Amino acid sequence: MLPHHTRLTDEQHEAAAGPNGWNEHQGFYIYRCRRLIVPGNWLNLNLRKEEHFKLARIQVDLPNSMDSDWHLNVMKSHVAAPAYLREDFKRIARDVRRQAADVYRFRGERQTPPEATPERFVWRRDSSRAGVRYRVDRTHPVIRALLHSGCEHEKLLERTIQLIEQTVPVASMLQEPARSLDGTVAADAPEDIAAFAAMVAHAEQFLIRAGIPPSDARSQVLCAEPFVRFRDAIVLYFDQLKPKRK
């Protein structure tokens with residue numbers, strides 16, 4: 001699995017793209033006696049090349065004794081997976097494609113450092129026979145506090161969230177060049193921390209009113225995306241607001 005472009009320098013990104021670009025070089029890399037024959041292809045598995053699978057690379061080394069099984073042409077430039085291996089190769093391909101897509105799932109899961117993994121994300125992945133959809137997680141402490149605050153606009157807020165979910169321009173996003181998409185979490189500038197702290201405080205008070213001890217309430221909120229990434233800065237911000245003892 002190639003790394004996401006945000007973890008590469010411009011020079012590394014350009015070199016990794018290959019002569020035909022990142023999208024065209026995804027899939028199986030077929031070697032025959034250590035010579036590259038196919039530089040990225042999903043073979044004859046009825047799998048399409050798509051933007052969110054472009055980080056996937058699978059190496060296959062073939063001996064010259066398997067030319068006929070793999071239907072190599074005279075120029076040794078075309079191969080097709082043999083029938084008795086096709087299902088296994090499709091299973092491997094689907095697993096690797098899933099891993100590649102996971103890199104682009106959503107910024108909370110991708111960018112939160114391993115030592116501070118959120119317990120709640122803003123977006124939740126729902127899978128069904130009809131396909132995959134992403135919905136705003138109503139159990140996220142900030143969303144939950146807003147939806148159950150007892151104000152007259154609760155229903156309007158729920159409908160607004162549904163509107164956002166239904167109108168996320170997924171197709172347009174997939175057509176954007178990967179490096180032009182801004183999927184980064186804002187830096188912890190003072191104004192951002194102040195905004196985050198206000199949301200934390202609102203969600204925290206909601207949980208306290210629901211009967212959760214204050215220390216547990218704050219812990220729950222600070223374990224959610226994106227606050228977990230700025231936990232220390234948010235706690236420091238709250239500490240600075242406390243009146244100093246004389």
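The model is predicted, with local features requiring pLDDT of at least 70 and side-chain atom pairs counting only at pLDDT 80 or more, while totals for chains, interfaces and linings use all residues. Residues are numbered from 1 along each chain as its sequence is written, and side-chain values use heavy atoms, with hydrogens and water left out.

**Overall organisation**

The chain contains nine helices and five strands; helices (H or I, at least four residues) and strands (E, at least two) are DSSP runs numbered from the N terminus. Along the sequence their order is α-β-β-β-α-α-β-β-α-α-α-α-α-α. Of the 246 residues, 33% count as buried, where buried means under 20% relative accessible area, exposed over 50% and partly exposed in between (1.4 Å probe, protein chains only). Among contacts (heavy atoms within 4.5 Å) with a separation of 6 or more, 59% are between residues 24 or more positions apart.

Strands pair if DSSP finds at least two bridges between them. Strand S1 (residues 27-32) and strand S2 (residues 35-41) run antiparallel and are joined by five bridges, with Ile30 opposite Val38 in S2. Two residues separate the strands of this hairpin, in which Cys33 takes a positive phi near 50°. Arg34 also lies in the loop between S1 and S2. Six bridges connect strand S4 (residues 123-128) with strand S5 (residues 131-136), again in an antiparallel arrangement. Trp123 has Val136 in S5 as its bridge partner, and this hairpin has two residues between S4 and S5.

**Backbone features in loops**

| Residue | Phi | Relative accessibility |
|---|---|---|
| Arg34 | near 70° | 80% |
| Asn46 | near 60° | 73% |

Asn46 is placed in the loop between S2 and strand S3 (57-62). Because its relative accessible area is 73%, Asn46 is exposed; Arg34, at 80%, likewise counts as exposed. A cis peptide bond, with omega of about -5°, joins Glu225 and Pro226. Pro226 belongs to the loop between helix H8 (214-222) and helix H9 (231-241).

**Helix H2**

Val103 is located in helix H2 (residues 83-103), and Arg91 is in helix H2 as well. Val103 counts as buried because its relative accessibility is 18%, whereas Arg91 counts as exposed because its value is 51%. Val103 lies 9.7 Å from Leu2, C-alpha to C-alpha, although 101 residues separate them in sequence. For Arg91 and Leu45, the C-alpha distance is 9.9 Å and the sequence separation is 46 residues.

With a disulfide taken as a pair of cysteine sulfur atoms within 2.5 Å, the count is zero. Cys33 is partly exposed, with a relative accessible area of 42%, while Cys223 is buried at 12%.
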